[in-house]
Amino acid sequence: MLENNGEINLYKVISKIHSEDQKEFLEKINESYQNLSTFMMVTKAINKEGKISYYKMISHPFKKTDDIVFWNGSIEDITERKLIEENSNKIQSRLSAYKSKFDIVTLSNHLGLWELTLPDFSGTITKEFYNLLGRGDEVLGDEINRNFYFEVLQYIHPDDKELFVTKFNDYASNPISYLDISFRLAQKNGNWIWIWTKAEISKSIFGNVLIGTCVDITSQKLLELNLERNRTKLLETNQNYINILNNSNDLIQSVDSNGIIKFVNDKWIEKLGYEIENVLGKNILDFIHPDSKELSKNLFREILNGKTHNHAEIEFISFKGKKLFTKALIVASFINGKLINTQGFFVDITDKKKQEFLLYNAINNIHEGYCLVNKDFVIKDWNLAIEEVTGLEKNIVLGTNLFDVFNVFGNSETTKNFYKLIRKKTNGSIEIYSEILDAWYFITTSNVNEGLAFFVTDISERKRNEGIVSLEKNIYTSLANNSDLSINEILHKVAISLKDIHPKMIFSTLRIEDDKLYNWVSPELSPEYIKVIDGSKIGRNQGSCGTAAFKKENVFVSDIETDSLWKNYKDLALSFNLKSCWSIPLIIENDKLIGTFAIYHNKIRKISHSEYDSIERLKYLIQNLIELKNAQIKKFQSDYLKNKVIDSSLISIIITKEDGSIILFNPLAQKMFGWKEEEVLNKNIYKIILPTDTEKAQTSKLKKFIKQAEKSELRNEIELMVAHKNGIEIPVEIFVATVKEDTANILIYFVRDLSTFKKQFKTIQFQNKQLKEIAWMQSHIIRAPLTRIMSLVNLINSQDKDELETKELLDYISISAHELDKVIHEISNKTYEIEINNPTIKLGNPKNTLSNSIENKKQLQLLLVDDDPIILTINKLFLKQNGFNETPFCFKNSKTAIAHILNNKENNYLVFLDINMPVMNGWEFLDEIKKSEIQDRIFVIILTSSSDNFDRKKADSYQNIIEFYEKPLTIEQVQALKYNSKIVPLLQNGFN
């Protein structure tokens, strides 16, 4: 197949290879071509006689031009060894099937065979083994009882002894697969022959037996060694090749399997500045920069496994201690699977690295995030600033698609517009808010040769400052246009506007009264949360707001779950997904603490510098608005006293000069006396308000009172009878104040109508009488049956009684209990009479009938709701004993009962409900039912110890209540329920 130039054409080689191996050969050649890597393959070929021969090919590629590659290698005929190996394997397989040594020996007389029994190491060796050593005449018969292991050690070459002992013992102790060893043995004539033995553990009638074969492979070994010597000689004498390497602009080196430098070209010496004699024979790692040593070690390990590296970046260290950056192509040479050397080709990329370093520093020193993508949107560059924005490190995102990783802006409309801008690959800009990062960004895009670059600038601080400025302007404008805005309305406007500036913040303001915090304006906090914290005391460890108010300083809690300030409230806050809370005390003029405002977040959150500045500015805005509103209120109050307060007063006010002439007659005075103001101006007050028949006497009395009042520092009133314009007399109380003016005094008469007071006084007298009767009943009548019950209980407990006596005593207890119950009803009725005579409570509308849309096909579930566990147990047993229901659901508070109903909406419900309970009382339970979409399927029976008629009347306003029972539950009530028309259809379906 050789050409005239001594080369072999690749296509001729392929044509000679057996068709079964051609595909694998082409794949290996292609891989070697692409990666410039060494390849090795054992293949079959058809020889001239038409028989199959085996060849072992080892080839090393060298790139001659950009498109042409030459391989330098060897082709070795291993047919004889392959056939021996295959024949040995076949024989070995057959040997394993036999049960006796006789069969094994007689079957294999053409090979050296041996067997060794484990663990006693007794065994036999066939005569053929000794024939191979030229010692057959020493053996009588076909086999001899000798230990193969010790026989080998007697004749083995010293250089092969250690390997043989190690492999043999390792296999004997851990017999996995086969024992496969090649070694040299001394023949009788003093020559050395190569022996290949292959053995396997086999179970026989003699126990575990190691059975093996021996083959003389001296000729094959000599061929391999000769090939290796020729190849080495070829590499050493190829001076033309070395000249080419020396003329290369690349750094080229050859390093043996131990890392010792065998060759470097002139450019290698020139670039690194070493003397050639100080390089050759030294370890290559001595010339690798410490930053690249670990990488170099890893590359060497991979090369040992046959891998070629053509893009690795290696940093050398020059004689002057400077770094030399290179890009490496490293290939390895193997002979018989053993690494001979590695050839490295290194391109100096130091200048390129310096430029990249300068560019890297420039890009990473800018505050804007920077990203470069190619035309397919694959990320090619990514600076530190954009790492901070996205939380994604450069080494993770490089090489990935932009749209697979850049999702920090959420799914808002502006995000979609940003992606549209990117896909257009044009120059542009957009402002975008990231819901995920809670930040504003300004993004500019620029079309470049490589693809598209875009810059991301955090403009959150600017946007928030603009928002605060806009908020201040809008609030002050609103206050100027509408001076009637209340502080609550102002704070509500602040909260709504703040949501546009800080969408993730939850705003809350609390006011302070008597060292307690009460909700002021908190539009986003849950009403349930507000209800629990309302009225909490200020103090240390009282959450963020309680502590901030107590210390009069800012308190920023970034993690509610772990901060000790929240130890009493953290479970509550976390149940409403509140994770952090920053609180700022509101302090106005004269160091007066009026409340706090707080910022909650739904995640653990530390306050940033820009957020701190924003919140400080917001604090001063709120304080200024409150002070401004307070000043406005004070001014309004002052003007009101001058212009309005008298007119809208709830008391009659008359102002006169010292001579008694009227100068002001307010609306209530006009209503009381029936005169219009214009009818009485400049007229004498006594003529207008005093009855004609008593005018003289009462005028004297009133003047005397005024003189005494002027001398006294105490407020004094006088009661008189005054007259309406129509002559009807009215009992009044008058207080007179004298105001000194520059020229003359004026008198202000405050006149209060006592008619209603007189009627109320009579009512109170009546109520007092009723209350005295109630008090007497409580202290006397109630005590009688109560003491009887106590005595009867003591009697039952202290004596043994027969059944008749016990029955009689229980009857007495029943009679006494009913007497006590009757008295309690009378007390309630007395109280109710007071309410009827002086009603102050308005009840709800009468209850409507339940909807006819009840789903009768659904099963009924019985719920008992009472905070008294004894009552729950008694009622459960009572309902069971009277055949009503055996498995009711019992709840100790209404809140858990509501939760049960809302989580199981598929049922109808009959609820026995107590009224007075902690956590959530019965009325609150009924109010919650009204909000549920299944309220028409919930039937309530009030079962209470209250005998208050007020409770009965209030129950009428709830449509879900079908009965109102007083404790204890009776047999008659249970039986009546079975025939209640509202639930009879449901009872037919049975209980769930």
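This is a predicted model: local features need pLDDT of at least 70, side-chain atom pairs count only at pLDDT 80 or more; totals for chains, interfaces and linings use all residues.

Student: Fine. How many aromatic pairs does the structure hold?

Tutor: There are 24 aromatic pairs. One of them is Phe129 with Tyr130: the ring centres are 5.2 Å apart and the planes stand at 85°, so this pair is edge-to-face.

Student: Are Phe129 and Tyr130 buried or exposed?

Tutor: Both Phe129 and Tyr130 are buried.

Student: What about Tyr274 and Phe287, how are those rings arranged?

Tutor: Their centres lie 4.9 Å apart with the planes at 85°, so Tyr274 and Phe287 also make an edge-to-face pair. Tyr274 and Phe287 each sit in the loop between helix 10 (266–272) and helix 11 (290–304), so the pair ties together parts that are 13 residues apart in sequence. Tyr274 is buried, and Phe287 is buried too.

Student: Which residues form an aromatic cluster?

Tutor: Phe129 and Tyr130 come back here, in one cluster with Trp114, Phe148, Tyr149, Phe150, Phe164, Phe168 and Phe183.

Student: New topic. Which residue lies over the face of Trp194?

Tutor: Lys221 does, at 4.7 Å from the ring centre. In another place, Arg423 lies over the face of Phe403, at 4.2 Å from the ring centre.

Student: Now the proline. Where is Pro918?

Tutor: Pro918 is in the loop between strand 33 (908–913) and helix 32 (922–930). Pro918 is partly exposed, with a relative accessible area of 47%.

Student: What does Pro918 touch?

Tutor: Leaving aside residues up to four places away in sequence, Pro918 touches Asp867 and Asn893. Asn893 is 25 residues from Pro918 along the chain, and their C-alpha atoms are separated by 7.0 Å.

Student: And helix 32, which residues there are buried?

Tutor: Gly922, Trp923, Phe925, Leu926 and Ile929 are buried in helix 32. They cover an arc of only 155° around the axis, which puts them on the same side of helix 32.

Student: What do the buried residues of helix 32 pack against?

Tutor: They pack against helix 31 (894–903), strand 33, strand 34 (938–944), helix 33 (949–955) and strand 35 (961–966).

Student: Last one. What is at the start of helix 32?

Tutor: A side-chain oxygen of Asn921 comes to within 3.0 Å of the backbone nitrogen of Trp923 there. Trp923 is also one of the buried residues of helix 32.

Notes: Residues are numbered from 1 along each chain as its sequence is written. Side-chain values use heavy atoms; hydrogens and water are left out. Rings of Phe, Tyr and Trp (its six-membered ring) pair if their centres lie within 6.5 Å; planes under 30 degrees apart count as stacked, over 60 as edge-to-face and the rest as tilted. Buried means under 20% relative accessible area, exposed over 50%, partly exposed in between (1.4 Å probe, protein chains only). Helices (H or I, at least four residues) and strands (E, at least two) are DSSP runs, numbered from the N terminus. A charge sits over a ring if NZ of Lys or CZ of Arg is within 6 Å of the ring centre and within 35 degrees of the ring normal. Contact means heavy atoms within 4.5 Å. The arc is that of the directions from the helix axis to the C-beta atoms. A polar contact is a pair of N or O atoms within 3.5 Å; within protein, one must be able to donate a hydrogen and the other to accept it, and residues adjacent in sequence count only if both atoms are side-chain atoms.
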